[in-house]
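Dear colleague,

Please find the structure below, followed by a short account of what was found in it.

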Amino acid sequence: MPDAVVIGAGPNGLVAANVLVDAGWSVEVLEAQPEPGGAVRSDRGVHPDYISDLFSAFYPLAAASPVLARLDLAAEGLRWSHALSVLAHPLLDGRCAVLERRVEETAAGLGEFAAADADVWQNMYRTWAHVGPDLVQALFTPFPPVRAGLRLAVRLRAAGGLRLARKLVLPVRRLGEEEFAGEGGRLLLAGNALHADLSPEAAGSGGFGWLMSMLGQSHGFPVPVGGSGALTEALVSRFRGRGGVLRCGERVACVVVRGGTAVAVRTEGGETIAARRAVLADTSAPALYRDLVGEEHLPSRLLRDLERFQWDFATFKVDWALSAPAPWTAPRAAGAGTVHVADGVDGLTRFASQIAMNQVPDEPFALFGQMTTADPSRSPAGTESAWAYTHVPQHVTSDAGPDGITGSWDTREQEAMADRIEAQVERFAPGFRTRILARRILAPTTLQAMDENLHNGAINNGTTALHQQAVFRPTPGTGRPETPVKGLYLASAAAHPGGGVHGAPGANAARAALRGHGLHAPLHRAQRI
């Protein structure tokens, strides 16, 4: 009988398992899919000579995460690679806002849009350098982040206090307009904000856009050498090397609850695996409570709150094997790992507004990944392993484009949406389509079939909007991984602090389980400060 059973071998489940084995617990991880990794996997499914990331690809939050630093995955062979530039947002007239690796170079580029904006970016980064480390620590600490929060409060006061706090809750459109005279800085903030399901007019989108932009400036958008699966391989190797057990192809059907306590899990094959101390679930909140636990073991208030749980946008992704890099009209986009493809901030607003009206966008905002540019091992020299994803509504009521897409995502609709994304890229990189050797389409339904946590392609396990963050995540409560069932902990991105590959929800759940037995996880030095 293991001390703990972890449901799901995504990054948070594997981080939780590693934290527990470090504390001396015996741990068994059960994964429904044939292989571990959740949304951190890669393959050669598009073309045998090209490595493609199936889901997530760039990892600024992993680079900044004290949780992952504690695991020392370099000792397991994990190596990181960077593109020459972090990200770019080209415009149709050939201008391009670029987040460079060095702050001085980013500032100089933004100064070409408006001379004063060079100093604005430098000042913005100086503020980040002052508060960023404590802010990251507070975000990745179990809620409430008492010690980290106190340190952050001191830093915030020195950095402008309420004025800085006001900036962080602004919509990103307003923040960009207040800070930058030219379009370049506004594009970087707004494009980064829309990595989440936030519109440029949403409260708090300014803070998220600022956070992602500053993380990109300080840590870059690194990728694992050899594919995102290398990150999963490192987590699995570390876990198994410390005696952990990982079983794939084992779908958990239910959590066994006796006397209000989680005591075991039962697989679809009928096997019951008892847990001596805890069960940790790297699953969505609705799946854990409604499907695995059952309403009879839960308070009625939680069940009512789950009816208001909001998923983030659905996702549609296309992978390509390209014979040569994308021929951007804006030459500076060529060296960036990530390219934001949209007609400026207004194009982002139009895109988000169509999704808000449950329409499939006619000119989708595409996040375009140039993976060979970021990691030359991904495909033969002179070629590009690339992908783009965009968002669509969870529930489609109409199509803003000409194809009559209904959200059934049958073959015709998948092909039409993939063609629409390619047409959008073609506007900024004429001749792009002539370089496509092969493509793979991952529709919302496909993404969910490959990872059940990606509900209809929702990549953040619930909206990033303010009303479902901190004490409101996943439902109003404490913002902590404990559940109403004793010994059961929510260890996925459905818990605080939410989406992104950083391991904090898994680590927080593991520490909560250890505290429940009077134990504490060893802390990395960065977490003791």
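In this account, a residue is buried under 20% relative accessible area, exposed over 50% and partly exposed in between (1.4 Å probe, protein chains only). The model is predicted, so local features need pLDDT of at least 70 and side-chain atom pairs count only at pLDDT 80 or more, whereas totals for chains, interfaces and linings use all residues. Residues are numbered from 1 along each chain as its sequence is written, and side-chain values use heavy atoms, with hydrogens and water left out.

Asp3 is buried, as its relative accessible area is 9%. Asp3 lies in the segment before strand 1 (4-7); helices (H or I, at least four residues) and strands (E, at least two) are DSSP runs, numbered from the N terminus. Beyond its neighbours within four places in sequence, Asp3 is in contact (heavy atoms within 4.5 Å) with Gly24, Trp25, Ser26, Ala275, Arg276, Arg277 and Ala278.

A nonpolar core is a set of buried Ala, Val, Leu, Ile, Met, Phe, Trp, Tyr and Cys residues joined through side-chain atoms within 4.5 Å. The largest such core has 93 residues, of which Val27, Trp121, Trp210 and Leu280 touch the most other members. Helix 5 (residues 117-139) gives the most to this core, with eight residues. Setting aside neighbours within four places in sequence, Trp210 is in contact with Met124, Trp128, Val131, Leu135, Leu168, Leu175 and Leu189. A second, separate core of 34 residues includes Ala333, Ala388, Val425 and Ala443.

Yours sincerely
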